[in-house]
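Work through the exercises below with the coordinates open. Each task is followed by a solution in steps.

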Amino acid sequence: MIGIIFGPPGSGKGTQAARLEKDLGIHHLSTGDILRGEVAKGTPLGKEVGRIMAAGDLVPDGLIVDVVRSRLPDAEQGVGALLDGFPRTVAQARALDSMLSDEGHRVNFIVALDVPEELLVDRLLHRAQVEGRTDDTREVIAERMREYHKLTEAVLDHYRKQGVRIHEVDGTGSPDEVFDRIHAAISGISSR
Ligand code: AMP
């Protein structure tokens, strides 16, 4: 089973994906977490992407596709994988589709979190204080939102056209409330 948790920056993808990992046993694969780990370790990849991330821009497609290609086989073991922060462009989605079809797999479902933009900015500014993420300043947040609208929203259309089931979920309210809505939306998914 391959799922994608989709939504703008600050919509709660990481929080909800971590809970779904616990609940469904599905492996949470977050490209943002992987890249932040590389930056923290000071690896060559981390050095290459650190400045791009700090500016709120997307790292090049080829680079992130290689990261996912190397991690996906492990993540696909067991119940499957829930992708968080990937794919973020249509080119990444196409690369993912071909990686999966090589294994006889495909994207089975998408949970798309819907949160109004004003609330997203408040959440991200709050997260900057709590977690100290350097890409959560007001200016960088604006850039990340622009990238989302310009490049990432189209990913949903890409999968809609393929007939992939997209569960649109209201992402406002507490993490518990959002989790309950996601749970209700996708219950029984593994038998589909
Ligand atoms: P996230 O934690 O998913 O918000 O990702 C943080 C940052 O990592 C993004 O603003 C991008 O700079 C980079 N990043 C993560 N995933 C991707 C991706 N799929 N494509 C391009 N850049 C990414």
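A polar contact is a pair of N or O atoms within 3.5 Å; within protein, one must be able to donate a hydrogen and the other to accept it, and residues adjacent in sequence count only if both atoms are side-chain atoms. The model is predicted, so local features need pLDDT of at least 70 and side-chain atom pairs count only at pLDDT 80 or more, while totals for chains, interfaces and linings use all residues. Residues are numbered from 1 along each chain as its sequence is written, and side-chain values use heavy atoms, with hydrogens and water left out.

**Exercise 1. The ligand site**

Task: Find how many residues surround the ligand, and which are the closest.

Solution: 
- Apply the cut-off for a residue near a molecule or strand: one of its heavy atoms lies within 4 Å of it. The count is 16 residues, and the closest are T31, R36, D57, G85 and R144.
- One oxygen atom lies 2.6 Å from a polar backbone atom of D57. An N or O atom in the side chain of R36 is 2.9 Å from an oxygen atom of the ligand.
- Turn to ligand nitrogen. The side chain of Q92 has an N or O atom 2.9 Å from a nitrogen atom of the ligand.
- Compute the cover. On its own the ligand has 480 Å² of accessible area, of which the protein covers 96% (Shrake-Rupley method, 1.4 Å probe; for residues, only the protein chains shown count as cover).

**Exercise 2. Aromatic rings**

Task: Search the whole structure for aromatic pairs; how many are there?

Solution: 
- The search returns 1 aromatic pair. Its members are F6 and Y148, tilted, with 6.1 Å centre to centre and 45° between the planes.
- Locate the partners, using DSSP runs numbered from the N terminus (helices: H or I, at least four residues; strands: E, at least two). F6 belongs to strand β1 (residues 2-6) and Y148 to helix α7 (residues 138-161), so the pair ties together parts 142 residues apart in sequence.
- Classify burial (buried under 20% relative accessible area, exposed over 50%, partly exposed in between; 1.4 Å probe, protein chains only). F6 is buried at 5%, and Y148 is buried at 10%.

**Exercise 3. Salt bridges**

Task: Count the salt bridges, then ask whether E147 is buried or exposed.

Solution: 
- Use the rule that a side-chain nitrogen of Lys or Arg lies within 4 Å of a carboxyl oxygen of Asp or Glu. The count comes to 12 salt bridges.
- E147 and K150 meet at 3.9 Å, N to O. They are 3 residues apart in helix α7, so about one helical turn separates them. E147 is buried at 9% relative accessibility, whereas K150 is exposed at 63%.
- R69 and D66 meet at 3.2 Å, N to O. Both lie in helix α4 (residues 61-75), 3 residues apart. R69 is partly exposed at 43%, and D66 is partly exposed at 46%.
- E168 and R160 have their closest N and O atoms 3.3 Å apart. E168 is exposed at 54%; R160 is partly exposed at 41%.
- R127, D135, D136 and R144 are linked in a network of salt bridges.

Technical notes:
Phe/Tyr/Trp six-rings, centres within 6.5 Å; stacked < 30°, edge-to-face > 60°.
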